[in-house]
Amino acid sequence: MMKERGCCASICQCFFEYSTPKILVIRSFKVGTVNRITQALVIAYVIGYVCVVNKGYQETDAVLSSVTTKVKGIALTNTSDLGLQIWDVADYVIPPQEESTFFVLTNLLITLNQTQSHCPEVPKTGFDCTSDRDCKAGSRDTRGNGVQTGKCVKYSAAEKTCEVLAWCPLELDKEPPNPPMLADAENFTVLIKNSIRYPKFNFNKRNILPYVNKTYLEQCVFNRITDPDCPIFRLKDMVTEANEDFQTMAVHGGVMGVQIRWECDLDMPSSWCVPRYTFRRLDNKDPVNNVAPGYNFRFAKYYKNGNNEETRTLIKGFGIRFDVMVFGQAGKFNIVPTLLNLGAGLALLGLVTVVCDWIVLTCMTKKNIYNEQKYSYVDDFQLLSNETP
């Protein structure tokens, strides 16, 4: 019972304690040196990192952005299927406009004069046959090219496959040409127009800077040294800056990232707020895991033949997709974050006392004297007895 009362008394005593600061001046070269060095480190952190590097005195806002692109260039091909042919922007930019991205055709496989008719399926696992019993009329498979008719027909002198109703002749699954058909695409250029806004500060700007006039825009091409503000980019230069070879990438296609970064200090002149461009490849080109490399899709061009029969040219297009990504942050002086960061920095100075106390209590030879002088306890009855009546 006595133990319980003693425990309760100790808890009450701790709960109703009040600690008041006590100033104790220690004249010690070692402790004084540690004290000043620690204070200097805290002040350097607050001023150097929080205020200067991290601009803790500023209010910030994230960027809002819009992007449009326009590609230009001419390519010439000469193949046995198509003959001599000119390719312009209407042929190799598919689709003509996308949001913050554009695709440029660099290579293709062409299947000419397809009509809806009957033909043998391309030899694949599950489509080979020896008789009509191996083919099921009306059957369709996502790996196939059409609907089976139920007949087993010759594909070649040595092979038989199930006949299908499809766009015939069927596309042959083979490797794209190397070098790529549209190798001239490396000299195509693209104009990237980027408008940004920081709504919190009512600040607007675009990457076509105020000093850029029509004459300059007609002849400039982006160069990081001579023309860093030109918004017109050669495709080969963009791929090269990503440490890639354009002609190699053009065979199977790929995905490139165009990164535009706006870091704006609005306490400075607005002319200092300019875009910074970087380029990198986004799709996986792991030499080990190289199944289905690159970027490709199929599209067709339809027309009527002499018999008024619907005919199409099927194109499996390989190319490079360019994704334009805009990042940025703007900052401007505001008294609220300034006071908050300065207050946090002053609070850190309290750690200096903790560090110095720890050094004194653990390292100094006369730590007992310090402990006696630093901490003292006064009970309530002592205060009452010292009061003057």
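**Salt bridges and charged sites**

Tutor: The model is a predicted one. Across the whole structure, a search finds ten salt bridges. One of them pairs the side chains of Glu59 and Lys200, with an N to O distance of 3.6 Å. Because Glu59 belongs to strand E1 (residues 58-62) and Lys200 to the loop between E8 and strand E9 (203-206), this pair ties together parts that are 141 residues apart in sequence. Glu59 is partly exposed at 28% relative accessibility, and Lys200 is likewise partly exposed, at 46%.

A salt bridge also joins Glu171 to Arg298, where the closest N and O atoms are 2.8 Å apart. Glu171 sits in the loop between E7 and E8 and Arg298 in strand E13 (residues 296-304), so parts that are 127 residues apart in sequence are tied together. Here Glu171 counts as buried, at 15% relative accessibility, whereas Arg298 is partly exposed, with a relative accessible area of 48%.

Arg281 and Glu244 meet through their side chains in a salt bridge of 3.4 Å, N to O. Arg281 lies in strand E12 (residues 276-281) and Glu244 in the loop between helix H5 (235-241) and helix H6 (246-252), so the pair ties together parts that are 37 residues apart in sequence. Glu244 is buried, because its relative accessibility is 15% and buried means under 20%. Asp283 joins Glu244 and Arg281 in a network of salt bridges.

Technical notes: Residues numbered from 1 in each chain as written. Predicted model: local features only at pLDDT ≥ 70, side-chain atom pairs only at ≥ 80, totals over all residues. Heavy atoms only, no water. Salt bridge = Lys/Arg side-chain N within 4 Å of Asp/Glu carboxyl O. Helix = DSSP H or I, 4+ residues; strand = E, 2+ residues; numbered from the N terminus. Buried < 20%, exposed > 50% of the residue type's maximum accessible area, 1.4 Å probe, protein only.
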